[in-house]
Amino acid sequence: MDSCNCVEPQWPVDDLLMRYQYISDFFIALAYFSIPLELIYFVKKSSIFPYRWVLVQFGAFIVLCGATHFINLWTYTAHSRAVAVVLTVAKIFTAVVSCATALMLVHIIPDLLSVKTRELFLKNKAAELDREMGLIRTQEETGRHVRMLTHEIRSTLDKNTILKTTLVELGKTLALEECNLWMPTREGQDLQLSHTLRQSDTGPVTVPIHHTTIKQVFSSNRAVVISPNSPVCISRLRQGKYTIGDVVAVRVPLLHWKNFHSGDWPDMGKRPFALLVLMLPSDSARRWHVYELELVEVVADQVAVALSHAAILEESMEARDLLMEQNVQLDNARREAETAICARNDFLAVMNHEMRTPMHAIIALSSLLQETELTPEQRYMVDTVLKSSNLLATLINDVLDLSRLEDGSLELDMNTFKLPQVLKDVVNLVKPITSLKKLQVLLNLSPEIPEFVVGDEKRLMQTALNVVGNAVKFTKEGSISIKVCLERPDYPMDPLMLEFHPVQGEHHRYIRVEVRDTGVGLNPQDIPKLFNKFLQADSTTTRNYGGTGLGLAICKRFVNLMDGHIWVESEGFGKGTLVTFIVKLGLPEKINELDRHMTTAVQPSHQRTDFSGVRILVTDDNGVNRMVTRGLLMRLGCEVTVVSSGRECLQAISQPGQFFKVLLLDVCMPEMDGYEVAIRIQEKFARHERPLLVALTANTDRATRERCLSLGMDRVILKPISLEKMRVVLTELLDAPPR
């Protein structure tokens with residue numbers, strides 16, 4: 001190829017390559033030199049980067065690389081040896097620094113990777129915190145709604161208002177299209193639509209309680225999404241053109257309560273749940289969120305609690321009204337009972353006074369007749385009249401005692417007395433009748449019984465006399481034995497009262513009294529009738545032995561008052577009877593001579609028979625009583641003055657030269673009664689100047705006696721009064737040491 005038509009390029013190829021390399025090295029060097037400047041700026045601005053020395057080393061490597069490329073620019077033309085040496089040194093340093101940098105990166109890469117891992121971990125934690133914060137905000141929002149709904153629901157305790165408020169507030173909070181409540185019917189077989197949010201009049205609509213949807217909801221304690229076509233969604237307006245909103249149903253626990261069946265309220269014993277149905281708007285892409293379902297569940301529980309509170313309030317109000325009605329009835333009954341008791345007490349007080357007034361005359365005059373010379377026939381008739389009168393007086397006392405026992409006003413009159421003497425007096429009182437019937441009476445007093453005891457002497461004597469008197473009354477021939485001893489655990493007890501276990505104490509004793517007779521006996525089946533008022537076991541005993549009376553009925557109550565027990569035993573007719581009673585009597589702390597003197601009855605041999613010179617003033621508004629009392633006192637030899645009123649009494653004792661030793665004062669007088677007369681006398685005379693005050697009363701209650709003694713009266717005499725009783729009272733009064 002000697003000749004060529006090719007156009008010679010302006011730059012040869014080799015020269016062109018050299019020029020491109022030259023330009024590339026220049027820009028590479030420029031880039032290398034700019035990178036360290038950027039690293040220096042980054043290091044200065046970063047205060048937390050942990051590998052600054054690595055960046056410095058890396059920067060030196062880049063600078064050397066740039067210097068190498070920059071020096072290499074002089075090698076593309078003719079250059080001196082010095083340029084070649086400098087280039088060589090630069091490349092050697094670059095190689096060394098690059099190797100050192102590479103080796104160092106091997107050590108820091110794991111750290112860099114761990115930093116990346118931590119970065120990813122922190123990102124995940126941040127995302128999780130964001131989710132938790134969102135959940136917290138959602139819960140706070142839910143809680144705010146719950147508090148708001150709870151406040152609205154519990155603002156009333158009317159059950160219908162609670163249910164209506166629940167539907168309205170849920171509709172506002174959740175923007176519901178419809179919300180309704182289904183309540184179980186009274187029969188418990190169906191659910192009936194009771195309340196709706198939008199519709200006011202739905203008519204009676206029921207759904208079987210065994211429907212699949214209802215069973216599904218009732219079986220879960222959470223809110224359940226149900227089909228919009230369920231029969232419990234029948235109240236929906238159906239306005240959507242395209243889609244029907246989601247529906248949620250939740251059960252509402254109906255807590256059990258008592259007597260809450262008012263109006264159309266269902267029977268709680270049949271089905272314990274109601275059904276709350278909530279419907280989202282139609283043609284909406286909205287779905288139920290978890291926090292909304294939780295809100296619905298919480299509200300359902302709050303509704304249950306509010307309904308239970310309303311039920312309790314309603315039941316309490318009904319119970320209060322019933323209680324108020326019962327209280328009114330009880331108050332009326334109490335007032336009627338108090339009125340009846342007052343009327344009975346007034347009647348008894350009047351009858352007591354009116355009956356004792358003629359009895360006083362009969363007994364007093366009969367006792368006066370006994371002191372005269374009488375033929376045997378006349379004396380027998382007078383004795384009969386006196387005994388009959390005493391029995392009638394005893395019956396009057398029994399009626400009054402029984403009345404006070406029944407209303408609880410009778411109290412025992414506790415004092416110190418001689419127990420053996422009381423029992424001996426009982427035997428002495430029945431001796432005339434036993435002698436006439438030729439009956440043998442045996443009194444067996446155990447030496448271990450105490451001589452002095454504390455109790456109601458009168459009630460104990462009345463009980464013992466009644467039991468012994470019955471034994472004498474129903475025994476024609478044979479004997480009557482009275483055994484008195486201390487009660488012991490091994491003694492037989494009443495088989496019908498096994499829980500009665502008397503125990504002797506340091507300050508009391510249980511006394512056992514057994515009265516056994518050989519009389520007509522009893523049918524064991526008739527024994528419980530004996531303690532009834534006006535009733536005997538066999539009607540033939542009434543015909544053969546007299547009336548029924550109140551004796552054992554009163555004895556049983558007296559014994560109960562004395563913490564004891566009484567019972568009757570008999571093996572049958574003709575085999576006699578055993579009556580046993582146990583009473584609790586106290587032991588006196590100290591018995592001195594004064595006690596012995598006070599508890600010892602005045603013996604007939606030491607009674608005064610002549611009261612000549614004793615001036616006595618009798619004050620009584622009843623003329624018969626004045627005449628009878630005057631006759632008794634004159635028979636005893638007293639000088640007697642009688643007046644008919646309290647004012648006449650005060651005038652009589654105020655006359656100069658008139659000094660009366662004893663003043664017999666009837667406490668029940670018109671205008672000025674005996675109490676006021678006693679007070680006037682106490683105010684006017686000193687104790688040693690005034691007469692001895694003796695109250696005459698027909699009232700047997702303890703209050704009358706205590707009132708008389710508290711006013712300073714010296715004695716209280718209960719009408720009727722016999723001659724012997726008047727003699728004993730005057731003897732005790734005049735022979736008593738001055739106080």
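1. D331, R334, R335 and E338 are joined in a network of salt bridges (a salt bridge being a side-chain nitrogen of Lys or Arg within 4 Å of a carboxyl oxygen of Asp or Glu). Searching the whole structure turns up 18 salt bridges. Please keep in mind that this is a predicted model, where local features need pLDDT of at least 70, side-chain atom pairs count only at pLDDT 80 or more, and totals for chains, interfaces and linings use all residues. Residues are numbered from 1 along each chain as its sequence is written, and side-chain values use heavy atoms, with hydrogens and water left out.

2. A pair worth a look is E487 with R512, a salt bridge whose closest N and O atoms are 2.8 Å apart. It connects distant parts of the chain: E487 sits in the loop between β10 (479-486) and β11 (508-517), R512 in strand β11, and the two are 25 residues apart. Helices (H or I, at least four residues) and strands (E, at least two) are DSSP runs, numbered from the N terminus. Both E487 and R512 are buried (under 20% relative accessible area, with exposed over 50% and partly exposed in between, for a 1.4 Å probe and protein chains only).

3. Next, D666 and K719 form a salt bridge, with 3.7 Å between the closest N and O atoms. D666 belongs to strand β16 (residues 662-666) and K719 to the loop between β18 (715-718) and α17 (723-735), so this pair ties together parts 53 residues apart in sequence. Both D666 and K719 are buried.

4. R690 and D714 also meet through their side chains in a salt bridge (3.3 Å, N to O). Here R690 is in the loop between α15 (674-684) and β17 (692-697), while D714 is in the loop between α16 (702-710) and β18, 24 residues apart. R690 and D714 are both buried.

5. Now to the sheet. Five strands make an open sheet, ordered β15-β14-β16-β17-β18, with parallel pairing (two strands pair if DSSP finds at least two bridges between them). The edges are β15 (639-643) and β18; each has a single partner strand, so one side of each has no neighbour in the sheet. On average, neighbouring strands of this sheet are turned by 20 degrees against each other, direction ignored. Axes are lines fitted to C-alpha atoms, for helices over the stretch in contact, and angles run from 0 to 180 degrees between N-to-C directions.

6. Strand β14 (residues 615-619) pairs with β15 in the parallel sense over five bridges, and T619 stands opposite V643 in β15. Helix α14 (residues 646-654) packs on the sheet and touches β14, β15 and β16 (contact means heavy atoms within 4.5 Å). The direction of α14 makes about 160 degrees with that of β14.
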